[in-house]
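Q: I am new to reading protein models and would like a close look at one spot. Please pick a place to begin, and then walk me from there to other parts.

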Amino acid sequence: MIINTELEQKGNQFPNAVVNVRQEVDTLYFTTENNIILELTVLRDSVIRFRYGTRGILEDDFSYAIDPENHIGYNYLELTENKNFYIITTAKLIIKIEKISLQTKILDIEGNLINEDEIGFHYEESFPLGGNIVKMSKRSHPGEAFYGLGDKPVHLNLRGKKVSNWATDSYAFGKDTDPIYKTVPFYIGLKDKRAYGIFFDNTFKSNFDFCHERLDVTSFWAPGGEMNYYFLYGPGMNEVVENYTHLTGKPELPPLWTLGFQQCKWSYYPESTVKGIARKFRDLKIPCDGIYLDIDYMEGFRCFTWNKEYFPDPKRMVQELLDDGFKTIVIIDPGIKIDPDYWVYKEALEKDYFCKRADGPYMIGKVWPGECAFPDYTNPEVREWWAGLFKELVGEIGVRGVWNDMNEPAVMEVPGKTFPDDVRHDYDGHPCSHRKAHNVYGTQMARATYEGVKKFVYPKRPLVITRSAYSGAQRYTSSWTGDNVATWEHLWIANNQVQRMCLSGMSFTGTDIGGFAEQPTGELFVRWIQLGVFHPFCRVHSSGHHGDQEPWSFDDEVTNITRKFIEMRYTLLPYLYTMFYEYATDGVPMLKPLVYYDQADVHTHYRTDEFIFGNNILVCPILEPNSKGRRMYLARGNWYDYWTNEVLEGGRELWVDADFDTIPMFVKAGSIIPRYPVQQFVGEKVIEELKLDVYFAEETIKSQVYEDANDGYDYKKGRYSLRSFKLTGKRNDLTIQQHKSGTYETEYDIIKLNLIGLPFVITSIKVDNVTYDLNNLDKKDKYLKLPKGFSVVHLIG
Ligand code: GLC
């Protein structure tokens, strides 16, 4: 029995002695004398679910976050007991449950303590609201670090922070503003260089305290729902994140053009302006694939309508843009204008699809169109109807992507900027108040949009972008980080947020490059582009009230540097696409904070600025004005300076020069980086050869290149091309082996190796055991042209 008078006096209740234990296949039920139930499920050897019910009751088990396709599978589960504990052993973990308190200790199979309850589960009965305030406290250790939690604009390491999760429209948010748009109640703990994760799947306003109130305690709680969390073990951070994405789902591959450059503004209109912007990109030869229409394309901000004065023939315009390589993406908000003559409003009213207040009237709030009603996307029937609304926009007019905004949901001119708590939601047949549905509203909207766009864009692949999201949203949508500001501080925030989102299962994210509010200087715009081209979603957006924000809006130098970096992104498209493939198949974050890359190096635990783009390129943005370079930490290992090919040894801090037209970038020795030629848009050119930049290392390093038709679903039938390379470097020779899988035949026949850093002069080359005529080697640039199907190339010095 826990004696904690102070806490008990505050009204907390605690589990007491276990009186019953029951096992059902992979699940154990522990019931205490005071009728608290702990349901413990072994989902995988390293993924354990803890769920607590009070008064002997567990709620209906339903979650929007958990991927229904998530395959559970453990291979070993043993329950034993000693005098004080029940002991559950899986192939990777040992879990000890204290008999008198349900307090839990989790150890790895070698017996190292990974995580333990402090008080553990406790709760307060909440008479004003009904239900419980459910709480969990864990003991934290000196040096333990914490990461994750979605879009929080705070230091990457959350130690010392106290944050909450309530999706909030946050125009011009700042560093440490909390909460903002997204809700990802998942964090990664790093204790003694071993990583674990905790996903608190509770959609109420959840709270996390990482050693803020008490230096040795981490806690999380919510004013409703159940204490329902998943413990995900590593010990690698990569294993934790992969376990989390396995649980909450992975996206499908997007069309490759969505990884190209995107240009947006609030708002481009009329048609001649949109066309003018598109023309200018082509005239200035700045690659661009997507052009975005903000709310002004609509008739009085009514979703699924067009302002015919500005856009007399949208279908023709969209087609003409497409003929020039531009895909059109439009915004769609949840607020439906109350207008008895507006077909979307009428349909939803007739079908009774709008959210209502607890006592019956519709939930009415002001957004851009004035007074609006809001579809209840937590009702599957409403989602289906909503998906159908995209028929004309996508199926007939040819729009290729939809951008969902204001879906926190945002309401103007009211305290709290959202629905009142009493609004009712279907919650897929588990009716509840807005307190529970608020955080998932945006995701369910994006999900319905995704179903619609996917259906009508078929056989092509959809693009959906969302501002608000709950865990699991990555299955349907990409996202951006909302209304940031054109300041240097926001450049730091942007860098942090996208890394954090990548750790939180949502890699396909970007920021409004240049800043949404206010106007960047040319210098800030350049520095932001230099970072933004490494973000999985790469879009310039601005509110437009403060001036133009196109690559040519500053001066020629800015235009030229912007072009140079966007061109670099286009040459790296096969690399980026392979990153996405690894994310989509295994949940691998597309950007890796240094701590993820090398958690065994304690120097990485508090780093925020440097990150790894994909697996091999270390980037450190310039985050201050007037910089000629910066100090940064180079991760352990050997790295090639991207610009000079100088080899540097990592594991140390160093000064790196980075004038206005460059940023610190390093390529890991042993990498093979695939590249395409510069294109003005994806598919502009037939790719005639795949260039591989080969960075010599005296070791064995593996890498891969994923390609397919860049759109469509044939890849799911095996029509993809996955080249796996194994590079083995020795003092006097270099071997590269290739193994290809998948039945897709790439357009090119030639692979061109660009050999960088070879420490020897080549005297002979063998390709699949046949001697290669050295005269074919471009000696100056060290290019080696090979048939794409080679199995092994051996270079001898
Ligand atoms: C919101 C969005 C922003 C958009 C604007 C107008 O502020 O976050 O991206 O441009 O609304 O639709």
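**Starting from one loop**

A: Let's begin with Ser-267, which sits in the loop between strand S20 (262-263) and helix H3 (271-283). Those labels come from DSSP runs, numbered from the N terminus: helices are H or I runs of at least four residues, and strands are E runs of at least two. Before we go on, please note that this is a predicted model, in which local features need pLDDT of at least 70 and side-chain atom pairs count only at pLDDT 80 or more, while totals for chains, interfaces and linings use all residues. Residues are numbered from 1 along each chain as its sequence is written, and side-chain values use heavy atoms, with hydrogens and water left out.

What kind of peptide bond joins Trp-266 and Ser-267? This bond is cis, with omega at about -5°. Another cis peptide bond runs from Tyr-458 to Pro-459, with omega near 5°. Pro-459 lies in the loop between helix H8 and strand S29 (463-466).

Go back to H3 and follow the chain out of its other end. In the loop between H3 and strand S21 (290-293) you will find Lys-285. Its phi is near 55°, a positive value in a residue other than glycine. Arg-55 is also not a glycine, and it has a positive phi of about 50°. This residue is in the loop between strand S5 and strand S6 (77-81). With 55% relative accessibility, Arg-55 counts as exposed; the rule is that buried means under 20% relative accessible area, exposed over 50%, and partly exposed in between, using a 1.4 Å probe and protein chains only.

S5 (residues 47-53) pairs with strand S19 in the antiparallel sense over six bridges; two strands pair if DSSP finds at least two bridges between them. Within this pairing, Phe-50 stands opposite Tyr-229 of S19. S19 also pairs with strand S16 (residues 194-200), again in the antiparallel sense, over five bridges. There, Gly-197 is opposite Leu-232.

Is S19 enclosed or open? Seven of the seven residues of S19 (residues 227-233) are buried, so the strand is largely enclosed by the rest of the structure. In a regular strand, side chains alternate between the two faces of the sheet. For S19, one side carries Met-227, Tyr-229, Phe-231 and Tyr-233, and the other carries Asn-228, Tyr-230 and Leu-232; both faces are covered.

Helix H6 (residues 380-388) packs against H8 (residues 434-457) at an angle of about 45°, with the axes 8 Å apart. Axes here are lines fitted to C-alpha atoms, for helices over the stretch in contact, and angles run from 0 to 180 degrees between N-to-C directions. H6 and H8 are therefore oblique to each other (angles under 35 degrees count as roughly parallel, over 145 as roughly antiparallel, 65 to 115 as roughly perpendicular, and the rest as oblique). On the H6 side, Arg-383, Trp-386, Ala-387 and Gly-388 make the contact, and residues of H8 including Met-445, Ala-448 and Phe-456 meet them; contact means heavy atoms within 4.5 Å. Gly-388 counts as partly exposed, at 33% relative accessibility.

For another helix pair, look at H10 (residues 522-532) and H11 (residues 556-571), whose axes come within 9 Å and cross at roughly 5°. H10 and H11 are therefore roughly parallel to each other. Among the residues that meet are Phe-525 and Ile-529 in H10, and Ile-561 and Phe-565 in H11.

Our last stop is an open sheet of four strands, in the order S43-S44-S48-S51, with mixed pairing. S43 (672-675) and S51 (783-787) stand at the edges with a single partner strand each, so one side of each is left without a neighbour in the sheet. From one strand to the next, the twist averages 25°. S44 (residues 689-695) and S48 (residues 750-756) run parallel and are joined by seven bridges. In that pairing, Leu-690 has Ile-751 as its bridge partner.
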